[in-house]
Amino acid sequence: SGSSGRAIINLDIEGPVISRHLYGHFAEHLGRCVYGGLWVGEDSPIPNEGGLRLDVVEALRALDIPNLRWPGGCFADEYHWKDGIGPREDRPRMVNTHWGNVEENNHFGTHEFLALCELLGAEPYISGNVGSGTVREMSEWVEYLTRDGDSPMVALRRANGREEPWRVRFWGLGNEAWGCGGNMRADYYADLARQYATYCRDHGDNTLYRIAAGASDADYAWTETLMRQISCFGCEATPKNFFQALSVHYYTLTGPWEAKGSATEFTTEDYYRTMAAAARMDRIIQGHSTVMDAYDPARRVGLVVDEWGTWFDVEPGTNPGFLFQQNTLRDALVASTHFDIFHRHAERLAMANLAQTVNVLQSVLLTDGDQLVRTPTYHVFEMNKGHQDATSLPVHLTTSDDARRQVGDTSLTTLSASASVRDGAVLVSLTNLDADRPAEVTLDLRGGTLAEPTARILTADRLQDHNTPERSPVSARPFTELGVEKGALTLTLPPHSFVTVSGRRD
Ligand code: AHR
């Protein structure tokens with residue numbers, strides 16, 4: 001026997017829109033994410049367009065990825081964009097001091113990144129350098145990218161072969177300013193964010209969405225300081241427009257930082273610890289939102305979770321600075337429950353970015369030479385893509401007592417759900433986190449019916465199962481065991497599974 005749950009969904013009571021940008025990605029100059037993962041160079045035998053790996057582009061296009069954050073992470077605060085333009089053979093080299101102390105040849109720069117975004121149909125999200133750059137450097141980068149007409153930076157761009165400006169909306173004012181981005185205090189960084197934001201101009205009709213480098217985890221004091229700096233509490237009705245959003249980073253760790261544990265070899269107890277850590281995302285978003293509400297009750301300032309995902313020990317024998325880890329069904333369930341949390345906070349949450357797209361941390365893709373693997377996490381993004389820009393449908397979920405499990409000081413609910421509707425297409429996502437037992441779920445749909453319901457499932461025999469170039473046991477499959485009982489849909493979710501139910505709202 002297993003647990004049970006009833007999810008009441010009113011098909012005619014609509015919540016906030018789930019921005020497609022909650023399904024965003026992040027690619028840093030780190031290990032084999034950019035070099036080898038996205039970029040192989042024009043002379044590579046691996047099929048490419050202008051050096052960009054076509055198998056990876058095709059796999060990402062199938063996810064409808066809405067945006068891509070680049071060039072870091074920590075790397076962003078030591079990146080000097082002018083080193084990455086012009087003829088590749090003339091570009092200066094540098095040392096990537098954060099990630100493995102390896103040489104960076106700057107072959108993947110501004111033009112290559114924007115070409116990649118164009119191929120993907122994704123919006124660029126560029127993180128500027130506050131930690132070791134200058135206001136002028138950042139200001140000129142914005143001008144180079146987005147200005148039309150005539151100006152020194154426009155002339156430079158044209159000399160490098162790009163006539164028209166690009167549209168770049170998302171602009172990061174540094175990264176982790178409290179840590180690798182300069183070890184700053186919140187007040188000091190808040191002043192810098194205001195200063196840098198001032199000189200990141202809107203050129204023509206390109207309007208920047210400036211994102212201040214926000215807090216780590218539950219550092220609500222950092223968020224409070226930033227919000228205070230953009231508001232004139234008591235004397236202004238609305239926040240000033242220095243920046244339009246602030247970020248927060250939260251990674252799911254199973255063990256302590258010094259011993260995070262293996263991505264593939266873990267016990268059931270480790271698994272539940274991972275899931276309890278993942279569930280903390282809800283409290284963290286809630287905490288930052290509550291602080292923001294005090295300064296911005298109209299919720300015009302966005303919260304951007306621009307780094308999230310699992311962080312395990314690197315795979316044995318790989319460079320510790322490259323953060324290469326395998327990806328199992330456990331990672332997929334971390335992703336599916338994160339999305340339920342993100343959907344619930346759709347009103348404040350403007351964007352979220354998985355760390356990272358290829359070959360680093362909780363990737364959706366892994367490459368090995370010319371081989372490509374779609375990880376279990378990839379399938380969650382694919383199965384959930386109907387939630388992008390859909391209207392959320394609040395889910396009222398009640399569960400039996402045995403769908404709760406005490407993990408340390410966390411009471412973990414082993415059932416999770418969210419739902420949305422877009423153009424009449426309803427998508428319900430359901431996760432059973434229980435490692436060993438099934439969960440009987442009743443979808444009590446009110447205010448309408450679901451015509452022609454179909455379902456898909458992602459699960460595997462073992463939580464540790466993962467995909468390789470030879471075998472992909474953790475892939476989405478049709479799930480046919482949908483029942484109807486007194487107008488409600490019933491289904492039994494197998495242990496450790498993620499299921500989506502789709503249909504048309506009637
Ligand atoms: O994603 C890896 C690193 O994690 C990023 O560079 C940094 O921002 C964070 O600490």
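This is a predicted model: local features need pLDDT of at least 70, side-chain atom pairs count only at pLDDT 80 or more; totals for chains, interfaces and linings use all residues.

**Cysteines**

I ran the search over the whole structure, and it gives one disulfide.

How accessible are the two ends? Cys-74 has 10% relative accessibility, so it counts as buried. Cys-180 comes out at 26%, so it is partly exposed.

Cys-117 is in no disulfide, and the nearest cysteine sulfur, that of Cys-33, is 12 Å off. Cys-117 is buried at 2% relative accessible area. Cys-200 is in no disulfide either; its nearest cysteine sulfur belongs to Cys-117, 18 Å away. Cys-200 is buried too, with a relative accessible area of 1%.

**Helix H5 and its cover**

I did a length check on H5 (residues 186-199). Its 14 residues at 1.5 Å each should span 20 Å, and the end C-alpha atoms are 20 Å apart, so that agrees.

Which residues of H5 are buried? I get Ala-186, Tyr-189, Ala-190, Leu-192, Ala-193, Tyr-196 and Ala-197. They cover an arc of only 165° around the axis, so they are on the same side of H5.

I then asked what covers the buried residues of H5. The cover includes helix H3 (135-146), strand S10 (170-173), strand S11 (209-216) and helix H6 (220-230).

S11 got a look of its own. Seven of its eight residues are buried, so S11 is largely enclosed by the rest of the structure. S10 and S11 run parallel and are joined by four bridges.

**The open sheet**

I traced an open sheet of five strands, in the order S18-S1-S23-S27-S26, with mixed pairing. Strand S18 (395-399) and strand S26 (482-485) are the edges, each pairing on one side only. On average, neighbouring strands in this sheet are turned by 25° against each other, direction ignored. Zooming in on one pair, strand S1 (residues 3-10) and S18 are antiparallel over five bridges. Gly-5 has Thr-399 of S18 as its bridge partner.

I flagged two cis peptide bonds. Trp-70 to Pro-71 is cis, with omega about 5°, and Pro-71 lies in the loop between S6 and S7. Ala-355 to Gln-356 is cis as well, with omega near -5°. Gln-356 is in the loop between strand S14 (349-355) and strand S15 (365-368).

I also noted positive phi in residues other than glycine. Asp-217 has phi near 50°; Asp-217 is in the loop between S11 and H6, and at 28% relative accessible area it is partly exposed. For Leu-323, phi is near 50°, and Leu-323 lies in the loop between strand S13 (302-310) and helix H8 (329-344). Leu-323 is buried, at 9% relative accessible area.

Notes:
Residues are numbered from 1 along each chain as its sequence is written. Side-chain values use heavy atoms; hydrogens and water are left out. Helices (H or I, at least four residues) and strands (E, at least two) are DSSP runs, numbered from the N terminus. The expected span of a helix is 1.5 Å times one less than its number of residues. Buried means under 20% relative accessible area, exposed over 50%, partly exposed in between (1.4 Å probe, protein chains only). The arc is that of the directions from the helix axis to the C-beta atoms. Contact means heavy atoms within 4.5 Å. Two strands pair if DSSP finds at least two bridges between them. Axes are lines fitted to C-alpha atoms, for helices over the stretch in contact, and angles run from 0 to 180 degrees between N-to-C directions. A disulfide is a pair of cysteine sulfur atoms within 2.5 Å.
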